[in-house]
Amino acid sequence: IKENSNVFSKNLHSFSIGLTGSPDLIAAKKVADFLGCTHHELNFTVQDGIDCIKDLIYYLETYDVTTIRASTPMFLLSRKIKSYGIKMVLSGEGADEIFGGYLYFHKAPNSEEFHSECVKRVNDLNKFDCLRANKSTMAWGLEARVPFLDKRFLELCMPIHPNNKLTKMEKYVLRKSFDTPEDPYLPQDILWRQKELFTDGVGYNWLDTLVQHCEDSISDKEFEENKYIYDVKNKEE
């Protein structure tokens, strides 16, 4: 353990997870190589994800479908990071909410609605993304810190006029602040890469196979008998 601690203290380490060949693994490796990080890549299988869902729901204390979908790879990665003896990581929660980074924000009818949705999403972070990040990591005793949600950063960025955020490129203000070709922080194709759902980025088969697993696990009869009791719309819920 002492040897590991010495190694980890000498360089910035980065971590990513995905199915073999997933978009996020490829992009993360490119960024790590560009920045000179010591990079750690974890490949998981769909079955690995399915096998941990029962434990994951116990730790998350929620049945929210989207939260569980996205928490599964984060839960598996946290276990791996903790095995290195690492106690704290930085994670990027909050950026999409602050800057209107989700793809549906493009459909905002005007700047007022755009800003209102940003405020709502930031206020709800404790119910979804921050719940996921906090409980997926702390299940293994790993602490996730979220620099985008620093109060000073929020005080600076939330008042930015929504017209400067409401563009054809999600999180434009944040991306543009790092757009310095003469002394680049990131490769240009990564800096301007289109937003991708976390559940897609870790591998497109993950979501499709999870949904099919739920379809196969619950009979039509069982679903019809319980859908009104539990107020669910599909077998995954």
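How many helices and strands does the secondary structure of the chain contain?

1. Secondary structure. The chain has 13 helices and four strands. Both are DSSP runs numbered from the N terminus, helices being H or I with at least four residues and strands E with at least two.

2. Basis of the values. This is a predicted model, in which local features need pLDDT of at least 70 and side-chain atom pairs count only at pLDDT 80 or more, while totals for chains, interfaces and linings use all residues. Residues are numbered from 1 along each chain as its sequence is written, and side-chain values use heavy atoms, with hydrogens and water left out.

3. Overall dimensions. The radius of gyration is 19 Å, which agrees with the value near 18 Å that a compact globule of 237 residues would have. It is taken over C-alpha atoms, and the globule rule is 2.2 Å times the number of residues to the power 0.38. Along the principal axes, the C-alpha atoms fill a box of roughly 60 × 55 × 30 Å.

4. Of the 237 residues, 41% are buried; here buried means under 20% relative accessible area, exposed means over 50%, and partly exposed lies in between (1.4 Å probe, protein chains only). Among contacts (heavy atoms within 4.5 Å) between residues at least 6 apart in sequence, 70% join residues at least 24 apart.

5. Surface. The chain exposes about 14300 Å², of which carbon and sulfur atoms supply 54%. The areas come from the Shrake-Rupley method with a 1.4 Å probe.

6. Charge. There are 30 positive and 37 negative side chains, and the centres of the two sets lie 5 Å apart. Lys and Arg count as positive, Asp and Glu as negative, without His and the chain ends; each charge is placed at NZ of Lys, CZ of Arg, CG of Asp or CD of Glu.

7. Lys 195 lies in the loop between α10 (188–191) and α11 (198–201) and Asp 96 in helix α5 (residues 95–99), so that the pair links distant parts of the chain, 99 residues apart. Both residues are buried.

8. Other salt bridges. Lys 127 meets Asp 124 at 3.6 Å, N to O; Lys 127 is partly exposed at 47%, whereas Asp 124 is buried at 16%. In the bridge between Arg 152 and Asp 150, the closest N and O atoms are 3.4 Å apart. Arg 152 is exposed at 65%, and Asp 150 is partly exposed at 31%. Elsewhere, salt bridges that share partners join Glu 93, Asp 129 and Arg 132 into one network.

Note on methods
Salt bridge = Lys/Arg side-chain N within 4 Å of Asp/Glu carboxyl O.
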